[in-house]
Amino acid sequence: MQPRNMSMSGVVDLAAVKAAQEAKSKAEQSRAEAARQGGGGGAVTPASLVIDVDEAGFEQDVLQRSTEVPVVIDFWAEWCEPCKQLSPVLERLAVEYNGRFVLAKIDVDANQMLMQQFGVQGIPAVFAVVAGQALPLFQGAAAEAQIRGTLDQLVQVAEQRFGLTGLTVDGDAEPGGVTEPEMPAGPYDALLEAAVQALDAGDFGGAVQAYKNVLADDPGNMEAKLGLAQAELLQRVQGLDPQQVRKDAAEKPGDVQAQIAGADLDLVGGHVEDAFGRLIDTVRRTAGDDRDAVRLRLLELFEVVGADDPRVVAARRALARALF
């Protein structure tokens, strides 16, 4: 999924890292509170998977609900002809996906404030809210295959990043819909939570070890892989003098370690393309062990941002050209 050149799987700066961690924590707390109160675990009807939302009900119907299930928002208007093509497709898919997401329809003429808050420039416009975090999906009418691909990744990210497995729906599911039972807490939840707490406390070494402990038993754990890449990056830049690093990187283009340190600092600051471009340029200028060291660091930074981020995809192509 590549809405507005924005990846859902990649986090690029410290604020984004912390926001994602906090969102997951809040989602887990909300689900636990709902369970204690006897809510959140009941089945819903297919009709309740498509709802009309206004400004008054937005907090409860969208923000609070997004701690249980991804909420897809369809901004539309009666006079919008493309909306009349897109909305029925979204409504049908909401039922077909059988509780993996909820569709919230917002009439922009009646809810101008929500339109402004989301920065909607034209309609139809489709966003998602996952654990309270808003994500742009696409604008304008789209082919059903593209919409399905976008929704599939949304569902995957919501489950892997935030543990949102969707709602249980009463009745028979539509063809293609799959209802999966909510899974119990995994065996590594405590270690992953310890890693997040270590990150929040600035104990990057402790976070690295916690993530490595998970991966030692479960090498395919995607949350631990992503977390380890982020924690190792933060650990590397923790003791650096940013001014000196930038000075060395600018004055010593042939110094491999200076360029690697500069790329780390670029990425932490959110300058993703600069970090990738710096290392790809260094790959072109080097050979042997030096080139291999730069290549490996670039691959590590790809892990931090996320494999499906369009900037990573472009950088992989550029790296291949530089190598071959």
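Which residue lies over the face of W76, and at what distance from the ring centre? That's K105, at 5.1 Å from the ring centre. A charge is taken to sit over a ring if NZ of Lys or CZ of Arg is within 6 Å of the ring centre and within 35 degrees of the ring normal.

A word on the ground rules. This is a predicted model, where local features need pLDDT of at least 70 and side-chain atom pairs count only at pLDDT 80 or more, while totals for chains, interfaces and linings use all residues. Residues are numbered from 1 along each chain as its sequence is written, and side-chain values use heavy atoms, with hydrogens and water left out.

Now the aromatics. Rings of Phe, Tyr and Trp (its six-membered ring) pair if their centres lie within 6.5 Å; planes under 30 degrees apart are stacked, over 60 edge-to-face, and the rest tilted. That rule gives 6 aromatic pairs.

The F58 and F118 pair links distant parts of the chain, 60 residues apart: F58 belongs to helix 2 (residues 58–64), and F118 to the loop between helix 4 (112–117) and strand 4 (125–130). Helices (H or I, at least four residues) and strands (E, at least two) are DSSP runs, numbered from the N terminus. Buried means under 20% relative accessible area, exposed over 50%, and partly exposed in between (1.4 Å probe, protein chains only). F58 is buried at 9%, F118 is buried at 15%, and F127 is buried at 5%.

On to the cores. A nonpolar core is a set of buried Ala, Val, Leu, Ile, Met, Phe, Trp, Tyr and Cys residues joined through side-chain atoms within 4.5 Å. The largest one has 42 residues, and Y211, L267, F276 and L301 have the most contacts inside it. Among the helices that each supply at least two of its residues are helix 10 (256–268), helix 11 (272–285) and helix 12 (288–305). Leaving aside residues up to four places away in sequence, F276 touches L298, L301, F302, V305, R311, V312 and A315, with contact meaning heavy atoms within 4.5 Å. A second, separate core has 27 residues, including V71, A104, V108 and I123.

What is buried in helix 12? V294, R297, L298, L301, F302, V304 and V305 are. They cover an arc of only 155 degrees around the axis, so they sit on the same side of helix 12; the arc is that of the directions from the helix axis to the C-beta atoms. G288 and D289, on the other side of helix 12, are exposed. The buried residues of helix 12 pack against helix 8, helix 10, helix 11 and helix 13. G306 follows helix 12 and has a positive phi, near 120 degrees.

Helix 3 (residues 81–96) has its own buried set, including C83, L86, V89, L90 and L93. Strand 2 (71–76), strand 3 (102–107) and helix 5 (144–162) are among the elements that cover the buried residues of helix 3. Just after helix 3, N98 has a positive phi of about 55 degrees.
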